[in-house]
Amino acid sequence: MAVERRLGWQNLLAVSLFLLMLLLSTHVRARPAVNMSAPKDKSLANKDDNEILPPDHLNGMKMELDGHLNKDFHQEVFLGKDLEEFDEDSEPRRNRKKLIDIFSKVDFNKDHSVSAKEMQRWIMEKTEEHFQEAMLENKNSFHLVDPDGDGHVTWDEYRIRFLAGKGFNEKETAEKIKNNEDLKLDEETQEVLESLKDRWFQADNPPADQLLNEQEFLAFLHPEHSRGMLKYMVKEIMRDLDQDGDQKLTLPEFISLPVGTVVNQQGQEMDDSWVSERKKEFESVMDADHDGIVTMEELEEYMDPMNEHNALNEAKQMIAVADENQNHNLELDEILKYSEYFTGSKLMDYARNVHEEF
């Protein structure tokens with residue numbers, strides 16, 4: 001009897017362990033393709049490796065290359081090259097002083113308020129700062145991939161430098177390419193190279209010579225600097241988002257969730273936020289003629305960082321967020337109160353936080 005009871009407990013324990021393992025194996029994970037809450041890491045972990053790769057994120061662009069909205073866009077076009085000086089660890093009093101100084105610069109006519117035209121002018125200036133930063137970085141990157149200093153880079157020169165950054169022996173790679181030998185690349189690296197090659201030849205201005213000079217290399221790394229490459233980038237984004245292949249975007253296509261299913265509450269909130277933000281952007285900004293469709297031309301205008309009409313619309317939107325007295329201008333107290341929207345840092349809670357700490 002005791003033996004039977006012991007065997008019964010053992011069987012029960014085995015069944016319990018089996019059920020536990022089954023539960024763990026069928027646990028549904030949130031889709032890795034979407035990370036709508038975490039901020040993008042724009043720092044370069046390995047400068048030499050990443051300098052010669054087109055960046056995933058382009059400052060001052062409303063949309064990422066993967067079709068996601070740039071959540072830091074407002075801060076980038078308001079702060080320009082000062083963007084990195086405002087972070088969560090910055091001293092609030094110092095940030096407040098810097099924001100007051102920025103306000104005084106945006107207030108071009110010194111009437112103690114910022115109009116849409118003044119904000120538009122400021123946005124264009126800050127976008128130009130991002131352009132200048134990109135040009136400086138490009139100059140350094142170009143020297144890395146132009147070892148003979150002849151002012152032109154071949155695809156093979158770039159490919160050798162790219163693979164060297166991935167850990168391949170530079171001399172051996174150069175020799176294999178010279179002799180047309182198999183480089184024995186893994187599938188992921190091969191796909192990246194093929195994508196880069198397509199982009200490389202798109203950046204090669206006519207007459208095509210398969211060589212990139214410094215200006216063409218800038219367009220390769222930063223397509224926003226070239227009208228031709230901007231069109232190429234827009235086509236790539238349209239291809240990824242356009243589900244029926246008609247070269248147009250509808251609202252359902254634009255707000256469509258990436259592949260994956262999220263069943264928990266946090267995932268559902270992320271999904272709701274994704275849909276809400278993209279619906280607002282599509283209807284109020286991208287669809288210029290409000291016909292429910294975004295054409296290739298509208299998408300290109302939307303993506304152009306130096307479009308003055310877009311800058312004016314952006315200025316009006318930024319003012320509307322903080323315009324509590326509804327006078328269509330921004331006063332200093334309003335921009336300080338909504339500092340997190342403009343800079344990513346909270347300033348108005350400073351006194352309360354100090355009081356709580358003591």
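Biologist: What makes Q326 count as exposed in this model?

Modeller: Keep in mind that the model is predicted. Q326 has a relative accessible area of 56%, and the cut-off for exposed is over 50%, so Q326 is exposed.

Biologist: Where is Q326 found, and what about its phi?

Modeller: Q326 sits in the loop between α14 (308-322) and α15 (332-337). Its phi is positive, about 55°, although Q326 is not a glycine. Most residues other than glycine have a negative phi.

Biologist: Why is H328 called exposed?

Modeller: Its relative accessibility is 61%, and exposed means over 50%, so H328 counts as exposed. H328 also lies in the loop between α14 and α15, and has a positive phi, near 65°.

Biologist: Why are α10 and α13 called oblique to each other?

Modeller: Helix α10 (residues 227-241) and helix α13 (residues 296-303) pack at an angle of about 120°, with axes 10 Å apart. Roughly perpendicular covers 65 to 115 degrees and roughly antiparallel needs over 145, so the pair is oblique. The crossing is right-handed.

Biologist: Which residues of α10 and α13 meet?

Modeller: From α10 come R227, L230, K231, M233, V234, K235, I237 and M238, and from α13 come M296, L299, E300 and M303. That contact divides into 8 nonpolar, no polar and 4 charged residues.

Biologist: Which peptide bond is cis, and what is its omega?

Modeller: The one from P206 to P207, with omega near -5°. P207 is in the loop between α8 (187-203) and β2 (211-212).

Conventions
Residues numbered from 1 in each chain as written. Predicted model: local features only at pLDDT ≥ 70, side-chain atom pairs only at ≥ 80, totals over all residues. Heavy atoms only, no water. Axes fitted to C-alpha atoms, helices over the stretch in contact; angles between N-to-C directions. Helix = DSSP H or I, 4+ residues; strand = E, 2+ residues; numbered from the N terminus. Parallel < 35°, antiparallel > 145°, perpendicular 65-115°, else oblique. Left-handed = near helix turned anticlockwise from the far one by under 90°. Contact = heavy atoms within 4.5 Å. Nonpolar A, V, L, I, M, F, W, Y, C, P; charged D, E, K, R; others polar. Buried < 20%, exposed > 50% of the residue type's maximum accessible area, 1.4 Å probe, protein only.
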